[in-house]
Amino acid sequence: MASLSRALRGMAATCPRRSPAPGRGLRPLVSGAGPTSEKSVPYQRTLKEVQDASAAARGPSQPLPGTASVVVIGGGSLGCQTLYHLAKLGVSGAVLLERERLTSGTTWHTAGLLWQLRPSDMEVELLAHTRQVVSRELEEETGLHTGWIQNGGLFIASSRQRLDEYKRLMSLGKVYGIESHVLSPGETKALYPLMNVEDLYGTLYVPHDGTMDPAGTCTSLARAATARGAQVIENCPVTGIRVRTDDFGVQRVAAVETEHGSIQTPCVVNCAGVWARAVGRMAGVKVPLVAMRHAYIVTERIEGIQNMPNVRDHDASVYLRLQGDALSVGGYETNPIFWEEVSDDFAFGLFDLDWDVFTQHIEGAINRVPVLEKIGIKSTVCGPESFTPDHKPLMGEAPELRGFFLGCGFNSAGMMLGGGCGQQLAYWIVHGRPEKDMHGYDIRRFHRSLTDHSRWIRERSHEAYAKNYSVVFPHDEPLAGRNMRTGPLHEELLARGCVFQEQHGWERPGWFSAQGPAPVLPYDYCGAYGRRTHEDYTYGRLLGQEYTFSFPPHHDVIKKECLACRGAAAVFDMSYFGKFFLVGPDAGKAADWLFSADVSRPPGSTVYTCMLNHRGGTESDLTVSRLAPGPEASPLAPAFEGDGYYLAVGGAAAQHSWSHIRTVLQDRRFRCQLIDRSEDLGLVSVQGPASRAILQEVLEADLSDDAFPFSTHKLVRAAGHLVRAVRLSFVGELGWELHAPRPSCLPVYQALMTAGAKHGLVNAGYRAIDSLSIEKGYRHWHADLRADDSPLEAGLAFTCKLKSSVPFLGREALEKQRAEGLRRRLVGFTMDEKVPMFGLEAIWRNGQVVGHVRRADFGFTINKTLAYGYIRDPSGGPVSLDFVKSGDYTLERMGVTYAAHAHLKSPFDPDNKRVKGVY
């Protein structure tokens with residue numbers, strides 16, 4: 001049997017010695033490129049059957065029902081977990097259809113690792129549920145063993161930044177009671193004697209991590225689900241999804257078709273893994289994922305490896321999974337092989353391993369565990385996996401088709417995330433939304449223009465795969481799939497030194513560099529597939545300088561933008577905002593139900609409001625401007641009679657908000673139109689004490705407080721162009737937003753810059769907005785305000801019309817919450833010590849962990865770090881204002897605690913004078 005060292009020598013003999021990634025094109029697999037070894041998974045038991053000529057004629061494992069409440073397509077980890085959790089929720093008549101046998105697609109060959117700590121509070125909670133299901137619940141329910149082995153996990157840090165990342169994870173783990181320890185190289189050696197520790201800064205040890213067996217887990221899930229009344233039908237390929245159009249014009253799932261009959265159902269769950277795109281096409285649903293080959297090898301027996309923890313050496317991009325008395329070795333490379341033509345007949349199959357691609361992982365493994373150089377290779381495992389543009393799963397109801405849910409694209413993490421995601425997906429199906437904030441996995445996080453854009457999907461999925469083990473830095477940006485959606489000022493701002501960020505496909509201003517233009521270049525695939533890497537790439541260099549957990553090198557640049565806004569004025573291009581019109585006979589009724597605030601004010605008024613779900617959680621925050629009806633359509637308003645509203649919502653939440661509104665309109669059968677003008681309109685905002693003086697020179701309107709009060713809007717002319725001016729502020733200053741037709745934006749912007757020159761007007765970006773807004777205590781949706789946070793908990797009770805008798809979505813939940821008392825509350829913190837914080841830091845009160853930081857930044861006006869997080873009472877009681885005020889607080893950053901001061905009101909301009917022009 002070949003050894004790992006022979007694999008390396010074989011590579012050296014067959015190709016030049018070089019990095020496997022740069023300049024490497026895809027080549028046919030050659031068996032001579034490496035040692036021969038058996039292709040087989042390292043599990044004692046799989047659900048694979050020997051197929052014969054009569055297999056196709058055997059038909060489904062049991063008769064198909066004529067109807068089903070839910071049909072789950074795909075019998076892998078997610079399909080089985082979803083079916084199990086649907087059954088636990090009491091759903092009767094749920095059916096799982098598997099084209100072959102359970103696990104036969106990608107689940108059967110997965111490594112089955114479970115790491116409890118991730119840089120996301122939501123993911124930590126999902127992983128905790130998976131661990132609970134596979135380590136305890138399933139065996140108690142069924143008497144079957146899932147193959148759970150708790151041997152612990154060890155993360156390797158070969159750099160100071162990597163160790164800092166692990167310390168951040170350790171602090172977050174304390175919030176959730178997850179035991180973890182940062183070990184020195186010596187302590188690591190004592191724990192894992194076979195490990196080379198000479199190049200280590202330290203490690204993170206999590207004793208209760210472990211592994212599970214795919215066959216054992218899925219068999220147990222199926223047994224538990226069928227015991228509760230669900231059905232599992234194998235050998236039954238799906239051939240089509242029947243769709244109907246209801247009497248309101250809404251497309252809905254009607255039935256699932258197979259070679260052996262059809263099943264009428266209102267709900268389908270696509271858990272088909274790499275085949276999910278094909279299943280989506282059957283229903284006209286876009287599924288943005290790609291299939292790639294993902295590999296690991298299994299060694300021969302290693303003396304002394306028994307009971308060692310599993311290892312993730314992120315800096316070498318390799319993992320080492322304990323496999324009895326051997327190891328499985330795999331990782332993520334920069335030149336993965338795409339599976340271009342996904343075969344419908346591929347079941348319990350493996351590919352030949354491309355040693356040219358895989359050798360880099362052997363080098364990393366031998367460096368970490370040197371004894372591997374002399375150990376033989378028992379088998380190779382190279383199978384298909386599905387990967388997505390941001391390395392996050394695809395979940396939730398498809399915006400194109402009601403009743404069609406996604407549970408796919410798990411990026412090799414379907415086993416470890418399966419329990420938590422299966423639970424949330426089941427709850428989503430039954431109750432219309434998940435219990436937790438699942439926006440990061442929700443298909444609606446992607447704009448509809450991107451979900452079938454093949455270049456964008458391929459580039460972003462490749463980059464996400466290649467960077468899977470990279471340090472997660474606070475200010476990182478993708479280099480792939482850029483310049484998909486650009487605003488009307490893009491070229492102008494680029495020439496002025498704008499360093500762009502990417503959000504929702506949009507290029508939005510991040511900050512402004514004095515070093516000149518920094519364009520984002522076409523993606524170079526990290527030098528893989530015969531492509532040349534960019535040389536002297538200004539944008540890439542500036543981005544790389546931001547890779548730190550300290551204050552970034554451009555901290556002072558952002559400081560200048562912030563202080564200019566506070567002291568004079570700044571102009572912000574916010575054109576990436578979602579811009580919608582809600583009009584029609586029932587628009588007033590729809591607005592009353594959708595928006596938590598009272599928006600039934602006279603035309604010309606603008607209201608900041610939230611949109612809630614039935615649990616009282618915040619699906620979005622936005623501004624709603626009441627319009628006057630008119631028979632003439634214009635770029636700034638459609639023609640309509642009755643009630644009409646103009647909605648402006650943050651661009652990162654635009655698709656989510658659009659889908660939420662459409663769903664509510666459909667469910668309540670409101671007769672109105674939702675019109676998207678996001679691409680047709682730009683948004684330029686001028687904020688700061690000098691904003692009125694600057695704008696008065698450009699706008700043909702009286703901007704005095706009496707003529708143009710706060711929270712109002714007007715159609716006015718700016719440099720000769722008709723715009724909608726809205727007096728609002730997102731940074732806590734006097735200011736106006738100018739919503740203008742796309743062709744008008746550049747001349748209006750140029751007129752503003754000319755008028756503002758003598759007033760000190762500067763360009764500023766979203767990094768400045770982040771700092772200015774947190775300093776003022778304004779919320780950012782999906783940071784300190786999410787779908788699992790209520791406005792009452794977030795300190796936004798003023799956005800809720802609870803004093804009126806008008807019903808609105810989420811009202812009952814808020815009233816119940818108010819009556820019972822808030823079980824958690826958003827609190828702001830400042831620190832006297834100047835230390836950078838970015839979120840996930842643990843919050844301590846009187847020596848007890850009471851929460852974690854959701855959002856943090858530096859406030860340059862008050863010259864302090866600010867942080868916001870939700871705190872709970874460890875006793876389980878309501879969190880009163882007295883409870884907040886009476887505590888002594890510290891915030892834990894990377895294992896070190898810092899004294900903090902709690903605030904219930906913004907420490908900057910707490911009386912809101914500046915937005916009213918009172919300086």
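Me: Axes are lines fitted to C-alpha atoms, for helices over the stretch in contact, and angles between N-to-C directions run from 0 to 180 degrees. At what angle do helix H15 and H16 pack?

Reply: The model is predicted. Two packed helices are described by the angle between their axes and the distance between the axes. For H15 (residues 587-594) and H16 the axes are 11 Å apart. The packing angle is about 115°.

Me: Which residues of H15 and H16 make the contact?

Reply: The crossing of H15 and H16 is right-handed. H16 supplies His660, Ile661, Val664, Leu665 and Arg668 to the contact. From H15 come Ala590, Trp593 and Leu594.

Me: Is Gln655 buried or exposed?

Reply: Gln655 lies in helix H16, which spans residues 654-668. Its relative accessibility is 2%. Buried means under 20%. Therefore Gln655 counts as buried.

Me: Which side chain joins that of Gln655 in a polar contact of 2.9 Å?

Reply: Setting aside neighbours within four places in sequence, Gln655 is in contact with Arg444, Phe446, His447, Arg448 and His504. A polar contact needs N or O atoms within 3.5 Å. At 2.9 Å, the side-chain partner of Gln655 is Arg448.

Me: What is the phi of Phe348, which is not a glycine?

Reply: Most residues other than glycine have a negative phi. Phe348 sits in the loop between strand E17 (326-331) and helix H9 (355-368). Phe348 is buried, with a relative accessible area of 5%. Its phi is positive, at about 50°.

Me: What relative accessible area does Asp909 have?

Reply: Asp909 belongs to the segment after strand E40 (896-903). It is not a glycine, yet its phi is positive, at about 50°. Asp909 is buried, with a relative accessible area of 13%.

Me: Which are the edge strands of the open sheet?

Reply: The open sheet has six strands with mixed pairing, in the order E9-E3-E2-E13-E20-E19. An edge strand pairs on one side only. The edges are E9 (231-233) and E19 (394-397).

Me: What is the average twist from one strand to the next?

Reply: The order of the open sheet runs from E9 to E19. Going from one strand to the next, the twist averages 20°.

Me: Which residue in E20 is the bridge partner of Met395?

Reply: E19 and E20 (residues 404-408) run antiparallel. Four bridges join them. In E20, the partner of Met395 is Gly407.

Me: How many of the five residues of strand E7 are buried?

Reply: In a regular strand the side chains alternate between the two faces of the sheet. In E7, Gly202, Leu204 and Val206 point one way and Thr203 and Tyr205 the other. Both sets are buried. E7 (residues 202-206) is largely enclosed by the rest of the structure because its buried count is five of five.

Me: Which residue stands opposite Leu204 in E7?

Reply: Strand E5 (residues 153-157) pairs with E7 in the antiparallel sense over five bridges. There Ile156 stands opposite Thr203. Strand E6 (residues 181-183) also runs antiparallel to E7, joined by three bridges. The residue opposite Leu204 is Val182.

Me: How far apart in space are Ala272 and Ala495, C-alpha to C-alpha?

Reply: Ala272 lies in the loop between strand E13 (268-270) and helix H8 (276-283). At 12% relative accessibility, Ala272 counts as buried. Not counting residues up to four places away in sequence, Ala272 touches Ile73 and Val279. Ala272 and Ala495 are 223 residues apart in sequence, and their distance in space is 46 Å.

Me: Which residue in the turn between E10 and E11 has a positive phi of about 85°?

Reply: E10 (residues 238-245) and E11 (residues 251-258) run antiparallel, joined by seven bridges. Ile241 stands opposite Val256 in E11. The hairpin has five residues between its strands, and the one with this phi is Gly249.

Me: Which residue in E12 is the bridge partner of Glu257?

Reply: A hairpin through two residues joins E11 to E12. E11 and E12 (residues 261-264) run antiparallel, with four bridges. The partner of Glu257 is Ser262.

Technical notes: Residues numbered from 1 in each chain as written. Predicted model: local features only at pLDDT ≥ 70, side-chain atom pairs only at ≥ 80, totals over all residues. Heavy atoms only, no water. Buried < 20%, exposed > 50% of the residue type's maximum accessible area, 1.4 Å probe, protein only. Polar contact = N/O pair within 3.5 Å; in protein donor to acceptor, adjacent residues only side chain to side chain. Contact = heavy atoms within 4.5 Å. Pairing = 2+ DSSP bridges. Left-handed = near helix turned anticlockwise from the far one by under 90°.
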